[in-house]
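Hi,

Here is the structure I promised to pass on. Have a look at it first, then read on for what turned up.

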Amino acid sequence: MSAKRDQYVAKTKHQLDELNAQIDSVEAHAKKFKQEASKTYDKELTELRQQSAAAKTRLEDIKNSAEDKWESLTEEMEKVRDALVHSYNYFKPQLKD
């Protein structure tokens, strides 16, 4: 792999790891809520986890792609990651202490 791709993969993996840690924290917080509210949060968390899995798959595609092809995959990776961040940022304020 090229140094540029290695840096991109490492940076993006770090961003996804941080976001997943935040999702874990929100998930722990959501478990404190009543059963009724928990159903809504469970659905949202399931969607966040699915988006996270899609982002990880895209990152693996980049990591395993041919040297001359990986950069063409970054636009889709950015879209998937941005959608995950947007969904997370939308969901988090819905939690009430």
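A search for aromatic pairs through the whole structure, which is a predicted model, comes back with one. The partners are Tyr-8 and Trp-70, with ring centres 6.0 Å apart and planes at 45°, so the pair counts as tilted. What I like about it is the sequence distance: Tyr-8 belongs to helix H1, while Trp-70 is in the loop between H2 and H3, 62 residues apart, so the pair links distant parts of the chain. Tyr-8 and Trp-70 are both buried.

Now the overall layout. The chain has three helices and zero strands, and from the N terminus the order is α-α-α. Along its principal axes, the C-alpha trace spans about 50 × 15 × 15 Å. H1 covers residues 3-30, which is 28 residues, and it reaches 40 Å from first C-alpha to last, close to the 40 Å expected at 1.5 Å a residue. H2 runs over 35-64, and H3 over residues 74-91.

Of the 97 residues in the chain, 30% count as buried. The accessible surface comes to about 6500 Å², and carbon and sulfur atoms hold 50% of it.

On to the inside. In soluble globular proteins, nonpolar side chains tend to be buried together. Here the largest nonpolar core has 19 residues, and the ones with the most contacts inside it are Ile-23, Leu-45, Leu-48 and Met-77. H1, H2 and H3 are the elements that give two or more residues to this core. Which of them gives the most? That is H1, with seven residues.

Leaving out its neighbours within four places in sequence, Ile-23 is in contact with Leu-45, Leu-48, Arg-49, Leu-84 and Tyr-88. Two of those partners, Leu-45 and Leu-48, are themselves listed with the most contacts inside the core.

Take Asn-20, which is placed in helix H1: it is buried, with a relative accessible area of 10%. Beyond its neighbours within four places in sequence, Asn-20 is in contact with Arg-49, Ser-52 and Lys-56. Arg-49 is also on the contact list of Ile-23.

A few residues fall between buried and exposed, one from each helix:

- Ala-21, found in helix H1, is partly exposed at a relative accessible area of 43%. Ala-21 and Glu-75 are 54 residues apart in sequence and 24 Å apart in space, C-alpha to C-alpha.
- Asp-61, which lies in helix H2, has 38% relative accessibility and counts as partly exposed. Asp-61 and Asp-82 are separated by 21 residues in sequence and by 17 Å in space, C-alpha to C-alpha.
- Val-85, found in helix H3, is partly exposed too, with a relative accessible area of 31%. From Val-85 to Glu-44 it is 41 residues in sequence and 13 Å in space, C-alpha to C-alpha.

The chain averages a pLDDT of 89, and 92% of the residues score at least 70. Confidence is lowest in H2, with a mean of 88, and highest in H3, at 93. Where pLDDT is low, the predicted coordinates should not be read in detail.

Cheers

How values were computed
Residues are numbered from 1 along each chain as its sequence is written. This is a predicted model: local features need pLDDT of at least 70, side-chain atom pairs count only at pLDDT 80 or more; totals for chains, interfaces and linings use all residues. Side-chain values use heavy atoms; hydrogens and water are left out. Helices (H or I, at least four residues) and strands (E, at least two) are DSSP runs, numbered from the N terminus. The expected span of a helix is 1.5 Å times one less than its number of residues. Buried means under 20% relative accessible area, exposed over 50%, partly exposed in between (1.4 Å probe, protein chains only). A nonpolar core is a set of buried Ala, Val, Leu, Ile, Met, Phe, Trp, Tyr and Cys residues joined through side-chain atoms within 4.5 Å. Contact means heavy atoms within 4.5 Å. Rings of Phe, Tyr and Trp (its six-membered ring) pair if their centres lie within 6.5 Å; planes under 30 degrees apart count as stacked, over 60 as edge-to-face and the rest as tilted. Accessible areas come from the Shrake-Rupley method with a 1.4 Å probe; for residues, only the protein chains shown count as cover. pLDDT is the predictor's confidence in each residue, from 0 to 100.
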